[in-house]
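Here is a short briefing on how two protein chains meet. Look at the structure first, then read on.

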Amino acid sequence: MAINPRHIDLLYRAQDNPLSPVEERELALALEQSPGLRAERDKLLRLRDAFGQIEPPPEPDFTAQVMAGLQARVVPLRWLRRVAAACLLLLAAAFLTLYFSEGSLSTDTLIGVQELQPEDATALAGEWSIN
Amino acid sequence: MPQEAQWIQQAKDGDQAAFRHIVEQHQQQVRATVHGMLGDTAEADDVAQEVFIRLYRALPDFREEAKLSTYLSRIAINLSLNELKRRKRKGRWLTFTRQDGPEAGISDQSVDPERQEMRDALQKALQTLEPEFRAVVILRLVEGYPVKETADILQLPPGTVASRLARAQQKLRTILDQWL
């Protein structure tokens with residue numbers, strides 16, 4: 001005798017989602033009356049049990065590989081960040097030193113060259129052409 | 001303070017031996033999740049290793065109120081889904097185990113042949129599910145998370161998880177009939 005598809009649906013839903021009291025009673029009665037539905041329930045429970053015991057193949061070196069991966073990828077990155085932070089601090093210290101000694105951080109102060117006038121540029125060009 | 005919480009705190013302080021303990025404690029769970037999602041392939045273990053590397057990077061921000069196992073499962077599922085998308089772009093949608101497909105499977109010599117066959121059948125059946133259905137089966141049936149926690153990990157409503165489980169189990173039941 002064919003199993004009522006609705007009862008199959010109730011059976012599967014009942015595993016992970018509480019049924020309403022009416023649905024529970026309907027399923028209980030159906031299980032009582034249908035050997036086919038009981039067989040289906042038993043197969044479903046065996047299926048769930050089988051998946052609950054599935055395990056990956058053993059890999060004895062897994063932990064060592066993770067730790068090696070960390071050494072190769074993550075630990076150097078932390079050192080790089082520390083070096084970058086140190087460089088930024090040095091740069092900030094250099095700017096502060098310049099500011100307190102020269103009193104400004106203008107382009108002239110930073111480059112250390114007096115602002116050029118147009119006549120200076122032509123004079124320089126003349127010198128380069130002679131040389 | 002529970003042992004694992006101690007290891008987490010020590011690992012946050014840079015103690016790599018403590019982090020090693022965390023890996024040893026959770027590797028089976030993470031590998032089971034990733035192998036379930038990707039099949040028994042060598043690249044599954046690459047992804048599983050990446051889960052722990054992501055954890056290590058995220059340790060400074062890890063809040064102890066969150067369960068570590070749940071956090072790891074979330075990373076494992078997300079990285080596995082990314083890998084599946086990458087495979088799809090490369091035109092390799094289904095990955096079979098052992099001798100059945102393009103991927104060379106990992107052979108487990110320590111398990112008796114009949115149990116290995118059953119395991120292969122379960123893995124093969126899992127790979128026939130769409131990734132979003134596979135994820136709920138792995139978290140709920142393989143890892144044993146309750147529906148609510150499965151829903152939290154996948155950021156889905158519990159009703160959707162239950163519905164996907166019911167449909168996935170019906171398909172798996174048909175495929176695996178001879179084993180049941």
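Is B:L141 buried or exposed? B:L141 is buried, because its relative accessible area is 7%, and the cut-off for buried is under 20%. Keep in mind that this is a predicted model.

**B:L141**
- B:L141 belongs to helix α6 of chain B, which covers residues 131–142.
- Setting aside neighbours within four places in sequence, B:L141 is in contact with residues of chain A and of chain B.
- From chain A, these contacts are A:R48, A:F51 and A:G52.
- From chain B, they are B:V136, B:L165 and B:Q169.
- B:L141 and B:Q169 are 28 residues apart along the chain, and 9.9 Å separates their C-alpha atoms.

**B:Q169**
- B:Q169 sits in helix α8 of chain B, residues 158–175.
- B:Q169 counts as buried because its relative accessibility is 0%.
- Which side chain does the side chain of B:Q169 meet in a polar contact? The partner is A:D16, at 3.5 Å.

**Size of the interface**
- The size of an interface is often given as the accessible area lost when the parts come together.
- Here, about 3,800 Å² is buried between chain A and chain B.
- Carbon and sulfur atoms give 61% of that area.
- A:F51, A:P57 and A:F62 supply 18% of the area that chain A buries against chain B, more than any other three residues.
- In residues, 35 of chain A are in contact with 42 of chain B.

**Polar links and make-up**
- How many salt bridges are there between chain A and chain B? The count is three.
- One of them joins the side chains of A:K43 and B:D177, with 2.8 Å from N to O.
- On the side of chain A that touches chain B, the elements giving two or more residues are α1 (5–16), α3 (35–52) and α4 (62–102).
- Of the elements on this side, α4(A) gives the most, with 13 residues.
- The residues on this side of chain A divide into 17 nonpolar, eight polar and 10 charged.

Technical notes. Residues numbered from 1 in each chain as written. Chains lettered and ligands numbered in written order. Predicted model: local features only at pLDDT ≥ 70, side-chain atom pairs only at ≥ 80, totals over all residues. Heavy atoms only, no water. Contact = heavy atoms within 4.5 Å. Buried area = accessible area lost by both parts, 1.4 Å probe. Salt bridge = Lys/Arg side-chain N within 4 Å of Asp/Glu carboxyl O. Helix = DSSP H or I, 4+ residues; strand = E, 2+ residues; numbered from the N terminus. Nonpolar A, V, L, I, M, F, W, Y, C, P; charged D, E, K, R; others polar. Buried < 20%, exposed > 50% of the residue type's maximum accessible area, 1.4 Å probe, protein only. Polar contact = N/O pair within 3.5 Å; in protein donor to acceptor, adjacent residues only side chain to side chain.
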